[in-house]
Amino acid sequence: MKTCVLNLSGNVGKSTLAVHLLAAFSPGARIVSVESINASEVDEVDALDVEAFSASRFREIFREIMVHDELIVDVGASNVAAFMGEMARFRSAVGEFDLVLVPTVPADKQQRDTIATVDWLHTLGVAPGKVRIVFNQYPGESLEAVASVYPQVVGYGLSDGRAKAVFEPHAVIARSEVFELAKSSRRTIRELARDATDWRAARGEARRAGDMEALERAMAAQMIHDLAVTAQDNLARVHALLFAPTKAARRA
């Protein structure tokens with residue numbers, strides 16, 4: 001499976017999705033970070049082996065795309081215009097990807113940039129069925145409908161964008177502080193959720209020893225673990241939604 005994550009806009013969670021939605025479910029996949037200004041989040045996870053390029057080195061990126069069957073390409077906002085320009089020059093590169101994820105968030109500017117990204121991918125000739133919108137940073141506590149939180153993108157998907165990308169069923173990832181906590185720990189959400197440490201027992205040991213610092217660490221770790229489990233359940237549902245049909249189609 002060859003997957004690309006991009007958006008003309010920054011601050012939509014591209015690298016977060018590359019790490020926690022893609023790489024965490026595909027151990028051993030080759031990860032290519034296309035970035036030149038800021039370090040990508042994929043570079044900050046200990047378990048991931050990442051090769052970083054700027055879009056100006058597109059020939060090297062294209063070789064990586066052609067050589068590896070299991071590949072994740074994370075395109076930073078500072079490089080996406082140059083990357084897509086090179087895709088237009090190297091026409092066969094457009095057909096290499098099995099899926100192109102375009103994450104969006106509730107902010108108006110990012111929604112407009114998402115629409116522009118889909119239009120650009122369509123102009124490049126990326127098959128509509130390969131372009132999938134991911135509704136990221138959904139404020140789950142609001143209980144609002146997806147169409148109310150991302151009105152521009154959903155409206156576009158019901159009109160001009162209908163034949164350019166897949167918008168439904170909505171792939172929604174809820175906002176959670178655990179993504180930032182995972183970044184500081186240099187681990188994936190999946191790793192945090194699978195941590196089998198008995199934090200209740202650790203709390204008991206800390207109380208008996210009168211070690212208040214250890215008690216605080218154990219309580220904080222328990223809360224992080226709970227948040228990670230909730231987020232991982234969400235990520236697993238979205239991953240199955242995005243990839244199960246694609247994998248089935250490839251086997252057929």
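This is a predicted model: local features need pLDDT of at least 70, side-chain atom pairs count only at pLDDT 80 or more; totals for chains, interfaces and linings use all residues.
Arg207 is exposed, with 51% relative accessible area, where exposed means over 50%, buried under 20% and partly exposed in between, using a 1.4 Å probe and protein chains only. That makes a friendly place to start our walk. Arg207 sits in helix H9, residues 199-209; helices here are DSSP runs of H or I with at least four residues, strands are E runs of at least two, and both are numbered from the N terminus. From Arg207 to Glu64 there are 143 residues in sequence and 53 Å in space, C-alpha to C-alpha.

A word on the ground rules before we go on. Residues are numbered from 1 along each chain as its sequence is written, and side-chain values use heavy atoms, with hydrogens and water left out.

Let us turn to a pair of helices. Two packed helices are described by the angle between their axes and the distance between the axes. For helix H3 (residues 80-89) and helix H4 (residues 108-124), the axes come within 10 Å and cross at roughly 20°. Each axis is a line fitted to C-alpha atoms, for helices over the stretch in contact, and the angle runs from 0 to 180 degrees between N-to-C directions. H3 and H4 are therefore roughly parallel to each other, since angles under 35 degrees count as roughly parallel, over 145 as roughly antiparallel, 65 to 115 as roughly perpendicular and the rest as oblique. The crossing of H3 past H4 is left-handed, a label used if the near helix is turned anticlockwise from the far one by less than a right angle, with clockwise giving right-handed.

Which residues in H3 meet H4? On the H3 side they are Ala81, Met84, Met87 and Ala88, and on the H4 side Thr117, Trp120, Leu121 and Leu124, where contact means heavy atoms within 4.5 Å. Sorted by class, this contact of H3 with H4 has seven nonpolar residues, one polar and no charged. In that scheme Ala, Val, Leu, Ile, Met, Phe, Trp, Tyr, Cys and Pro are nonpolar, Asp, Glu, Lys and Arg are charged, and the others, Gly among them, are polar.

Val126 counts as buried because its relative accessibility is 3%. Leaving aside residues up to four places away in sequence, Val126 touches Val94, Val100, Leu121 and Val131. Its C-alpha atom is separated by 34 Å from that of Leu143, 17 residues apart along the chain.

Strand E6 itself holds Ile133, a buried residue with a relative accessible area of 0%. Beyond residues up to four places away in sequence, Ile133 touches Val102, Thr104, Thr114, Val118, Val153, Ala165, Val166, Phe167 and Ala171. The C-alpha atoms of Ile133 and Val100 are separated by 8.6 Å, with the two residues 33 apart along the chain.

Another residue with 0% relative accessibility, and so counted as buried, is Ile61. Ile61 has its place in helix H2, residues 58-67. With residues up to four places away in sequence not counted, Ile61 touches Val32, Val34, Phe53, Ser54, Ala55 and Phe83. Between the C-alpha atoms of Ile61 and Leu124, 63 residues apart along the chain, the separation is 18 Å.

The His20 side chain reaches the backbone nitrogen of Ile189 at 3.0 Å.

Finally, some backbone geometry to check. Most residues other than glycine have a negative phi, and most peptide bonds are trans. Gln137, in strand E6, has a positive phi of about 60° although it is not a glycine. With 31% relative accessibility, Gln137 counts as partly exposed. Arg186, also not a glycine, has a positive phi of about 60°; Arg186 lies in the loop between helix H7 (178-185) and helix H8 (189-193). At a relative accessible area of 37%, Arg186 is partly exposed. As for the peptide bonds, the one from Glu168 to Pro169 is cis, with omega near -5°, and Pro169 is found in strand E7, residues 166-174.

Terms used
A polar contact is a pair of N or O atoms within 3.5 Å; within protein, one must be able to donate a hydrogen and the other to accept it, and residues adjacent in sequence count only if both atoms are side-chain atoms.
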